[in-house]
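My entries follow the structure.

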Amino acid sequence: METLTRTATPAPTTQRRRKLVRPDPSVWRKEVAVDKTSHEIPQEPVEKTQEIAPKPNEKICKFWAVGNCVKGDRCSYLHSWSQGDGFSMLAKLQGHKKPIIGISTPLGDKLYTGSKDGTVRVWDCHSGECDRVINLGAEVGSLISEGHWVFAGLPNVVMAWNIENGAEYNLNGPVGQVNTMVTSKDVLFAGTQGGQILAWRGGCDQTNPFPEAVSLEGHKSTVICLAIGRDSRLYSGSMDHTIRVWNTDTLQCIATLEGHSDSVMSLICWDQFLLSASLDGTLKFWSNNAQGNLEVAYTHKEEHGIVAINGMKDADAKPILFCSCNDNIVRLYELPSFLERGRLFAKREVRVIQDGPGGLFFTGDETGLLTAWKMAT
């Protein structure tokens, strides 16, 4: 099995993958304008300085969404799927019947999506067409890939298949739904509904490449998100409002971070920071103090609960943070100023944001809609 380094909600510090084939511009294309202002990244984030002025109502017009709003410009609801510049929507891909919970781009020219409808769909990156539907027979709770391996988290099991040779395996051990997964150093970690984190170390045995799992105990409630830092530490966020820090060699918990007052929904590691997002509406930046212990360096507050975060660089190498809230809006912030660069609108919450090659990024919402976007290059 190849060295595992990819996280469930991929952090900008993780190892780069081999590029996918870029989509055909004649299929997914839209003009964009690029913000050309220069920007240097200081060590600490600073307060938010500017916001985009939205329409009075930030909800999508349900009639416009199906093509029959008769009010036109007089309508008080939004008639656009986004605001801002420097990015464009390429395509909306329909097929899933329930919320999308995982988007993955393994090696090759395919995009994989997992949904609570019990299926994994395989999309062609050239045409945007769905090439294959894999019926797993149970609600998918998470989906990731690493190299030629794709992993799907289901109730009480993780399914693994090798897209190169077609081999499939069931990884037993989880109790309840597998909500999140991440990989590091040939180890697959899976966070479960019961609060445990299971770890399988990949082996060379072709008949059983994933030996029996080891359980990491500590959380008092469901594990929702996992991330791997550049120090190879494992970070886990839970409904118990805490973040635990694990040594990936000893598999021991070495710290518990407290500060959120609601479920920790999303974690990413970016440069020297650990970013944590919670339903309490806060986004916290954690960094090491002089004693080497993680503490909160900065807290950003949203008006609504945060359900997912991710990040990537724009055409000018400026860091852009995607922040999805339970008001059905994904806000794009330029770091460290928190200058708001744009908004993505959806009919329901966007629970997963996945970066791709060549400035591509993808969002999956609770209606089952997959949307392809592109940063200007």
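Entry 1, basis. I worked on a predicted model, in which local features need pLDDT of at least 70, side-chain atom pairs count only at pLDDT 80 or more, and totals for chains, interfaces and linings use all residues. Residues are numbered from 1 along each chain as its sequence is written, and side-chain values use heavy atoms, with hydrogens and water left out.

I took a cavity as a set of points on a 1 Å grid over the protein atoms alone where a 1.4 Å probe fits but cannot get out, with lining residues having an atom within 4 Å of a point. I found two cavities of 30 Å³ or more. The largest cavity has a volume of about 90 Å³, volume being the space filled by probe spheres set on the points. Its lining includes Lys92, Val330, Leu344 and Trp373. Strand 26 (360-365) gives the largest share of that lining, three residues.

A pocket is an open set with protein on both sides within 12 Å along at least five of seven lines. I noted about 600 Å³ for the second largest pocket. Of its 31 lining residues, Ile101, Gly141, Asn179, Ile224 and Arg351 lie nearest the centre.

I defined a nonpolar core as buried Ala, Val, Leu, Ile, Met, Phe, Trp, Tyr and Cys residues joined through side-chain atoms within 4.5 Å, buried meaning under 20% relative accessible area with a 1.4 Å probe, protein chains only. The largest has 19 residues, and Phe322, Val330, Leu332, Leu344, Phe361 and Met375 touch the most other members.

Key:
Buried means under 20% relative accessible area, exposed over 50%, partly exposed in between (1.4 Å probe, protein chains only). Helices (H or I, at least four residues) and strands (E, at least two) are DSSP runs, numbered from the N terminus.
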